[in-house]
Amino acid sequence: MNGLPDLPTKFDVIIVGAGPAGSSAAYLLAKKGFKVLLIERGRGLGDKNLYGGRVYAPPIREVWPELDKEAPIQRWVTKERISMVQGDKAITFEYKAAKKISFVSYLTQLTQWMSKKAEDAGALFVTEVTIDEIVMKDGKAVGVRSGPDFIEADVVIDAEGVNRLLLERLGIVERLKPDNIALGVKEILKVGANNIESSFNLNPDEGLAWVIMGDITKGIPGGGFIYTNKDSISMGLVLHLKHSINFIENGKFDEHVSKLIEEFRFHPYFKPYWKDAIISEYGAHLTIEGATHFMPEKFAYPGLLIVGDAAGLLLSTGYTFRGVDYAVYSGKLAAEAVEFARNNGGFTYENLQIYDVNVRRSFMYNELFKHSGTEQLINNPILMSKYPSILIKVMEKLFEGEYTQETIYDALMQALKEEKVGPFDLISQAFGLVRGI
């Protein structure tokens, strides 16, 4: 829609983007009596949201304590798997968790639940509206413009996500570059609840999160994921964008990403888990990698707060991915900053800066910088292709000997020689990997 529907011309807070970050801020502010406008470009609640499927619950409970009872949770993750794949061969590690820390959910449904909470709390919610500009006056954000329409606000919260067009137009961030971006591709396979529980050895309330590394990405840094829903499986690939482009330009890769995920689906090691499945959904989405390089210089500007993916608040360690809970928590911090400003003399830049301070003091910011070296390791094409191959070769030599049995040392030395990796290189790279993760 070009232009805004018939609305009041002034709000306390305008929030651009009704994802987890925007919905969290809208909900908390509306509960405190603020006049809030929540604007979404998609046709319906959650229409533009896509992710792998896993969400960490504790930070979200700080906004919605009723999460466990009311949210559209598919399954709680109780099993963790990591696999390394080379051709038809695979090594898999499994961990059975005692606590239910994270759950699997369809993001569209979860975002709908969050946005409905904001609307029920009193936020005015509009969809199918594209915001063309965050309007600045004397260096301060004073509202938004859509087509010919302008609506004023004391504070604008930017929750537009990874594709930060509004912030680009303001000159706050640079144009999106492939250096710190990955492409996620996902399919949802309908298999039935009984099949999931028997195939993965799960109880009805249990779920599995599975990370896959190796040649399923054809040498491009990234990996695969599998999550179990109630009666379906979410599976897909994440590919680092810069390296994908480099591989294509250098002639190392000439397949469409849809072919890659198809080969993953038909891989002989994984196919039995979704035999005779029906593909019910397919989608792709850009996501952040190397968040510390993606962050804007500041999280708060005069009249403007930046939350969620737009603020670069997403953690990817290669074995865990945390975005929804970080988005919700940043929305919470933004709402608290707006309330602080109202209660301490007005919406001045000095007052709103408490949001920037609190983000930098938060567990999110600390975690992002603690793991800041991880992306350099997991996006190293040599490292992420060599290690799975070395481990597979070691296991092959240990377990596929027809007459003789190799020692672990001999198997490792032979594998390193075949992969042209020296023992000292292995030790230093392994130390860097463990230290970075």
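Modeller: Residues are numbered from 1 along each chain as its sequence is written. In this predicted model, local features need pLDDT of at least 70 and side-chain atom pairs pLDDT 80 or more, while totals for chains, interfaces and linings use all residues; side-chain values use heavy atoms, without hydrogens and water.

Biologist: What makes a run of residues a helix or a strand here?

Modeller: Both are DSSP runs numbered from the N terminus, helices being H or I with at least four residues and strands E with at least two. The protein chain has 16 helices and 19 strands.

Biologist: How do you know that the span of H1 agrees with its number of residues?

Modeller: The expected span is 1.5 Å times one less than the number of residues. For the 12 residues of H1 that gives 16 Å, and the end C-alpha atoms are 16 Å apart, so the two agree.

Biologist: Why is H1 called largely enclosed?

Modeller: Buried means under 20% relative accessible area, exposed over 50%, and partly exposed in between (1.4 Å probe, protein chains only). In H1, 11 of the 12 residues are buried, so the rest of the structure largely encloses H1. Tyr27 and Leu28 are among them. The cover includes strand S1 (10–16), helix H4 (107–121) and H10.

Note on methods
Contact means heavy atoms within 4.5 Å.
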